[in-house]
Each structure stands twice: as C-alpha cells, then as structure tokens.
Amino acid sequence: MKFIDAEFHKFSRQMLDNDITDILDLTMLTADDKFGVRVVVDLVPDGRNIPVTEGNKVQYAELITERIVKFTEEQVKPLREGLFEIVPEDLLMMFDERELEMLISGNSEIDVDDWETNTDYIGYSNTDEIIRWFWKLVGSWNEEKKSRLLQFTTGTSRISVNGFKDLQGSDGPRRFTIEKAGDVNYLPKANTCFNALILPPYKSFWQLENKWTLAVEQTMGFGQE
C-alpha cells in the first residue's frame, strides 16, 4: 500500500497507531471515480451510517486497502501479461520495485568521484587548474544541480547502475569527455551524442561558476549539439 497510495498509507498508520476516539469523523464508506463521476460505496451494509471507531478502525483500513489493491491489480494485469511475454517472469521476480526501477531508469544519485575517474580530456589534463575547479564546483552542488548538469552534457539525468564506466553515447559505450575549446566570454557547450563537454579555458573559479550557472540553471539545453 505504501507504494500504491502513499497518502492513504500514512493516514492509515497514524489512525492505527493512535486512539481515534472523538477525533475522526468517518463512516464505513468510500468513494470511487467512475469515468469522472464520484460514486459513494458502502464498505459494509449500511456503512454510511456506521461511524469508524477505535473498535472497527482495523476493519475500515483493511477494507479500503483491499479495494485499492484490487483496483490496482485490474489495471496492472494486462501490463504484466504483456511484459512477461517479452521478459520471463522469473527474471523480474529477482528484484524488488526499487531495484527494478534502478535497472530500467538508472541511478538518480550521482557519484562525482566515479564521474571524474571515468572522464577523458582533450586539450586538458586532469591536473589543470580549471579541471580541478570544475570538479570542485560539481562536488559542491546538490543532487538536483548535478542531475541537470548530467542532462545538459549527456542528454540523460540518470546514470546506469554500473556507474559512469558504462555511460552510453549515440553509437554505443562512450566515456565522458571534457574538451578545451571556445572563447572565455561564451558559455560552455555540450555534444550530447558523444557525452562531450566543450569547456572554454576560463581564467578564474568565479568565471567558471558564473558561466555554468547560466548554462545549466537558466538556459537548460543552450549550446547543446
């Protein structure tokens, strides 16, 4: 239930873990959405006239949960059947919902050290001052800004479960690359097909930070090729 309806799960836990006497004004009914029309349904005979109390709150939570799960199963059943025609069920059953999401969508947490380790350079070396500034800047950002930078430079906001060593380009596996090019008065560019960042040789950390803030936060996609 926690993953089907987080709000109802939270409400149910609070209700079940605390005395609700004279607190909740509920009856043993629920409402379904039938093609945009709200339909009231009794959970038990004459449920709309039976208050939810400390004595029957467990039954109330169980009945609501059963309805939600059944409704969800009816929607998911065709999808499951189609999916299992392509991917054997026993292979998918090895993973829980979080692991499966990560395999399909990638990891949303970006490891900057792994990113730096799996980066190549053209015109720069990993010891150049501007490169040290760059990784220092990226390391100081929160997950949202790092994700936007990854999107700006590679076209994807998530990374595979195996990290940056398995980063993909338009033609297959392609390591992240930082290339020295461009005028210092311009914003950095990105060639997302080849996971390449075109980084002008900015003269200070402040200039680098300013240009990246403009490129990633305000123009999101500007200069992409």
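Is Asp120 buried, partly exposed or exposed? Asp120 counts as partly exposed, because its relative accessibility is 32%, and that value falls between the 20% and 50% cut-offs. Keep in mind that this is a predicted model.

**The largest nonpolar core**

- The largest nonpolar core has 30 residues, and those touching the most other members are Trp115, Phe134, Trp135, Ile178, Leu199 and Trp212.
- Two or more residues of this core come from each of helix 5 (112-117), helix 6 (129-140), helix 7 (143-154), strand 6 (176-180), strand 8 (196-199) and helix 8 (205-218).
- Helix 6 gives the largest share, with 7 residues.
- Another core lies apart from this one; it has 11 residues, including Phe8, Met15, Val44 and Leu63.

**A closer look at Phe134**

- Phe134 has its place in helix 6.
- With a relative accessible area of 1%, Phe134 is buried, since buried means under 20%.
- Beyond its neighbours within four places in sequence, Phe134 is in contact with Leu149, Ile178, Leu197, Leu208 and Trp212.
- Phe134 and Phe205 are 71 residues apart along the chain, yet their C-alpha atoms are separated by 8.0 Å.

- Strand 1 (residues 29-34) pairs with strand 2 (residues 37-42) in the antiparallel sense, over 6 bridges.
- Lys34 stands opposite Val37, which belongs to strand 2.
- Between the two strands of this hairpin there are 2 residues, and Phe35 takes a positive phi near 55°.
- Thr30 lies in strand 1, and Thr30 is buried at a relative accessible area of 17%.
- Setting aside residues up to four places away in sequence, Thr30 touches Val39, Val40, Val41, Leu43, Ile64 and Arg67.

**Salt bridges**

- Side chains of opposite charge can pair when their charged atoms come close.
- In this model the count comes to 7 salt bridges; three of them are described here, starting with the residue from the opening question.
- Asp120 forms a salt bridge with Arg175, and the closest N and O atoms are 3.0 Å apart.
- Asp120 lies in strand 3 (residues 119-122) and Arg175 in the loop between strand 5 (172-173) and strand 6, so this pair ties together parts that are 55 residues apart in sequence.
- Arg175 is partly exposed, with a relative accessible area of 33%.
- Lys57 forms a salt bridge with Glu54, with 3.0 Å between the closest N and O atoms.
- In that pair Lys57 counts as buried at 5% relative accessibility, whereas Glu54 counts as partly exposed at 34%.
- The side chains of Lys146 and Glu143 also meet in a salt bridge, at 3.2 Å from N to O.
- Lys146 and Glu143 are separated by about one helical turn, because they are 3 residues apart in helix 7.
- Lys146 is buried, with a relative accessible area of 8%, while Glu143 is partly exposed, with 34%.

- Leu91, Met94 and Phe95 make a nonpolar surface patch of about 300 Å².
- Phe95 is found in the loop between helix 3 (89-92) and helix 4 (97-105).

Methods:
Residues numbered from 1 in each chain as written. Predicted model: local features only at pLDDT ≥ 70, side-chain atom pairs only at ≥ 80, totals over all residues. Heavy atoms only, no water. Patch = residues over 30% accessible without salt bridge, like charges linked within 9 Å, V, L, I, M, F, W, Y side chains within 5 Å. Areas by Shrake-Rupley, 256 points an atom, 1.4 Å probe, with all protein chains shown as cover. Salt bridge = Lys/Arg side-chain N within 4 Å of Asp/Glu carboxyl O. Helix = DSSP H or I, 4+ residues; strand = E, 2+ residues; numbered from the N terminus. Core = buried A, V, L, I, M, F, W, Y, C linked by side-chain atoms within 4.5 Å. Buried < 20%, exposed > 50% of the residue type's maximum accessible area, 1.4 Å probe, protein only. Contact = heavy atoms within 4.5 Å. Pairing = 2+ DSSP bridges.
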